[in-house]
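Subject: Structure for your review

Dear colleague,

My notes on what was found in it follow directly after.

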Amino acid sequence: MKKMKILFILLLWLSSLYGEPIPFDLKEQLNAIHLNKNNYSIFVKPISTRRPIVSWYAHKKRTPASVIKILTTYASLMALGYDYRWKTNFYYTGTIRRGILRGDLIVKAGGDPTLKTSDVNSIVRKLKNHGIKRITGNIILDKSIFRISSRNNSGFDKNRYSPYNAMPDALMFNQRKSTVCISPKRGKIYTTKDIPDLSYRVINKMRITNGSCRGSRSWPRVSIKNRSMIFSGKISKHCGTRKVCKVVTKPHLSFYYTLKDKIKKSGIKYSGKMKLKRTPKSAKYLFSHLSKPLEKIISITAKKSNNLFARQIMLTLGVKEYGKAGTLQKGRNAVERILNRHHILERGKTFIENGSGLSRISKITAQSLANLLQDAYQNYGTRWMETLSIAGIDGTIHNRFKYSTVFGRAWMKTGTIKGVSNIAGYVEGASGELYIVVVLVNDRYSRRYGHRLANTVIEWVADTL
């Protein structure tokens with residue numbers, strides 16, 4: 001009797017690990033893929049029922065990579081709503097009389113992830129609409145809404161200056177990218193900054209060549225040192241203009257130099273300096289610049305897997321839930337707190353490092369992701385689904401399933417870093433019914449076989465269920 005009891009407990013434990021057995025026809029296909037069966041999780045469930053069709057290692061903690069972005073985006077949707085807009089507020093000290101602002105212009109950052117060069121034109125027009133023709137004081141930048149690291153890049157991998165490694169900032173501008181145009185003309189190679197940003201230097205060591213615009217002659221070598229972009233190598237005279245985007249400088253500096261330039265070009269006189277400090281209580285409100293709606297921003301975050309947007313959103317949620325100043329820990333706590341109001345995350349099995357998935361210590365389970373996808377569909381339906389990448393059409397899976405029966409019938413978020421290949425979302429079955437599908441592969445061979453395993457599961461759902 002005692003042995004039977006022990007066996008029963010063992011079977012229950014194994015059931016909790018493996019869940020529902022994998023259907024025979026799917027199992028046969030998966031057996032042909034050379035991955036350790038302990039190193040992946042699969043969860044498949046119809047939207048309309050509670051019982052999963054497949055639940056393989058659904059409760060095991062896995063590294064999520066960018067799949068974790070759906071936690072960030074869905075939490076923001078629940079807390080802020082589709083129509084939420086970030087505000088960059090403008091104030092002034094002193095007086096405005098006869099077109100002269102006798103005092104400082106203050107820019108109070110709101111954490112807008114999307115503020116860019118073209119927005120500065122709108123900001124300057126608003127200054128002119130207020131009749132301002134001259135500013136006698138300085139431009140004050142208030143970044144107090146966040147209290148975070150001042151690092152430019154995350155240092156996640158060797159491509160530290162690439163835009164995907166950019167770190168968040170209260171006054172984000174052009175997604176922290178510094179863009180330089182490389183143009184071979186009249187026997188020379190010219191370099192031009194896309195904005196008049198004096199906070200970094202461009203050093204041109206390139207040489208022009210007569211060879212074809214291929215291989216090493218098509219792009220310059222780029223190195224970064226002490227806020228300098230150093231270009232070297234040979235570039236063919238037959239090449240067109242090339243744009244190089246790197247994370248080099250502070251976004252608030254790029255914003256300041258762009259604003260200063262646009263102000264002067266608009267005819268507003270200004271000879272002051274930039275200062276970083278808080279908005280004084282005596283400051284008077286002037287106007288606000290608004291971002292695009294949250295719906296558009298979370299779509300970009302999910303479809304293009306924008307790490308920076310995800311980081312900015314998470315910090316904003318920290319402010320929303322716990323007040324200023326936003327910190328990384330407040331952001332982590334906020335995402336979990338918001339989602340757990342709907343009992344989405346499995347207790348003790350989630351860790352969110354930065355909201356973007358550019359992490360090796362973040363953890364999630366397939367079951368938690370499935371819970372979120374179920375809750376999101378019940379609350380927001382196809383409008384939520386459309387924020388995810390659509391198979392063969394857009395986002396990170398625009399080239400995936402292009403010539404498959406899954407084309408246009410799956411709405412997914414992917415996540416890929418070294419040793420990780422994940423995907424989670426919705427798939428329309430052969431019957432027309434919608435299914436939640438989560439495939440998490442954490443294996444040293446995930447780069448080689450992860451897509452194949454996930455595609456097999458997704459196509460099985462689309463073709464047989």
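Two residues are taken here to be in contact when heavy atoms of theirs lie within 4.5 Å. On that basis, and leaving aside neighbours within four places in sequence, Ser 288 is in contact with Lys 87, Thr 88, Asn 89 and Lys 126. Please bear in mind throughout that this is a predicted model.

Ser 288 and strand β17

Ser 288 belongs to strand β17, which covers residues 284–290. With a relative accessible area of 14%, Ser 288 is buried, since the cut-off for that class is under 20%. Among the contacts of Ser 288, Asn 89 also takes part in a polar contact, side chain to side chain, at 2.4 Å. The C-alpha atom of Ser 288 is separated by 5.9 Å from that of Phe 90, although the two residues are 198 residues apart along the chain.

Aromatic pairs

The structure holds 10 aromatic pairs. One of them joins Tyr 84 and Trp 86: the ring centres are 5.2 Å apart and the planes stand at 75 degrees, so the pair is edge-to-face. Trp 86 is buried, at a relative accessible area of 0%, whereas Tyr 84 is partly exposed at 25%.

A further pair is formed by Tyr 91 and Tyr 285, with ring centres 5.8 Å apart and planes at 75 degrees, so it too is edge-to-face. Tyr 91 lies in strand β3 (residues 87–92) and Tyr 285 in strand β17, and the pair therefore ties together parts that are 194 residues apart in sequence. Tyr 91 is buried, with a relative accessible area of 17%; Tyr 285 is partly exposed, at 48%.

Ring pairs also link Tyr 74, Tyr 82, Tyr 380 and Trp 384 into a cluster.

Charges over rings

Two arginine residues deserve mention here. Arg 62 lies over the face of Tyr 57, at 5.7 Å from the ring centre. The charged end of Arg 242 sits over the ring of Trp 219, at 5.2 Å from the centre of that ring.

Helix α3

Helix α3 takes in residues 69–80. Just after α3, Gly 81 takes a positive phi of about 90 degrees.

Ser 228 and strand β13

Lastly, Ser 228 is placed in strand β13, which covers residues 228–236. Ser 228 is buried, with a relative accessible area of 3%. Apart from neighbours within four places in sequence, Ser 228 is in contact with Arg 201, Ile 203, Ser 223 and Val 248.

With kind regards

Definitions and conventions
Residues are numbered from 1 along each chain as its sequence is written. This is a predicted model: local features need pLDDT of at least 70, side-chain atom pairs count only at pLDDT 80 or more; totals for chains, interfaces and linings use all residues. Side-chain values use heavy atoms; hydrogens and water are left out. Helices (H or I, at least four residues) and strands (E, at least two) are DSSP runs, numbered from the N terminus. Buried means under 20% relative accessible area, exposed over 50%, partly exposed in between (1.4 Å probe, protein chains only). A polar contact is a pair of N or O atoms within 3.5 Å; within protein, one must be able to donate a hydrogen and the other to accept it, and residues adjacent in sequence count only if both atoms are side-chain atoms. Rings of Phe, Tyr and Trp (its six-membered ring) pair if their centres lie within 6.5 Å; planes under 30 degrees apart count as stacked, over 60 as edge-to-face and the rest as tilted. A charge sits over a ring if NZ of Lys or CZ of Arg is within 6 Å of the ring centre and within 35 degrees of the ring normal. The expected span of a helix is 1.5 Å times one less than its number of residues.
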